[in-house]
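Hi,

Here is the structure I promised to pass on. Have a look at it first, and my notes on what turned up follow below.

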Amino acid sequence: MAESTISPSEQEIMFYIWRQNRCVALKEVVIYFYGKKAWAKSTTHTLLTRLCTKEYLKCDKQAGTNIYTSLVSQRQYVCQYSTNVISSVFAGSVKKFLYAYYNVNKPTLQELDEISDLISSLRGQ
């Protein structure tokens, strides 16, 4: 799996491609982000090229058009990203992460029960 980090703009492109759940043409991505972000075609193309260089995407030419395929699943990315955040921001401590999350977001009792159930099930593994 790709190990390098991606920029917020590159992340937006990846989430768009994952939502499509299929290969996407350059034109589709350009049209979507022109409408959403007013990015020029060259900006979108540059971001896609970077994602290919970082091995998040693969580009194939079909009938003169660039077709992009995700090489990293959304689940893989989220797991890697979460692990990096916990390692770098919370010194690898899930406890510190949960405490920080709790103090800002105040999860509901149902969410706390779900977390407790998850911890119980992980202990049984």
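Helix 6 gives the largest share of the lining of the largest pocket, four residues. Bear in mind that this is a predicted model. Helix 5 is in on it too: helix 5 and helix 6 each bring at least two residues to that lining. If you sort the lining by class, you get eight nonpolar residues, no polar ones and no charged ones. As for volume, the largest pocket holds about 170 Å³ of space.

Then there's the surface. Val94, Leu98, Tyr102, Leu109, Leu112, Ile115 and Ile119 make up a nonpolar patch there, and together they have about 580 Å² of accessible area. Which helices supply it with at least two residues each? Helix 5 (94-105) and helix 6 (109-123) do. Helix 6 has the largest share here as well, with four residues of the patch.

Is Ile115 buried, partly exposed or exposed? Its relative accessible area is 30%, so it counts as partly exposed, given that this class runs between under 20% for buried and over 50% for exposed.

Cheers

Conventions. Residues are numbered from 1 along each chain as its sequence is written. This is a predicted model: local features need pLDDT of at least 70, side-chain atom pairs count only at pLDDT 80 or more; totals for chains, interfaces and linings use all residues. Side-chain values use heavy atoms; hydrogens and water are left out. Patches are made of residues with over 30% relative accessible area and no salt bridge: like charges are joined within 9 Å, nonpolar side chains (Val, Leu, Ile, Met, Phe, Trp, Tyr) within 5 Å. Accessible areas come from the Shrake-Rupley method with a 1.4 Å probe; for residues, only the protein chains shown count as cover. A salt bridge is a side-chain nitrogen of Lys or Arg within 4 Å of a carboxyl oxygen of Asp or Glu. Buried means under 20% relative accessible area, exposed over 50%, partly exposed in between (1.4 Å probe, protein chains only). On a 1 Å grid over the protein atoms alone, a cavity is a set of points where a 1.4 Å probe fits but cannot get out, and a pocket is an open set with protein on both sides within 12 Å along at least five of seven lines; lining residues have an atom within 4 Å of a point. Grid points are joined across faces, edges and corners, and a volume is the space filled by probe spheres set on the points. Ala, Val, Leu, Ile, Met, Phe, Trp, Tyr, Cys and Pro count as nonpolar, Asp, Glu, Lys and Arg as charged, and the others, Gly among them, as polar.
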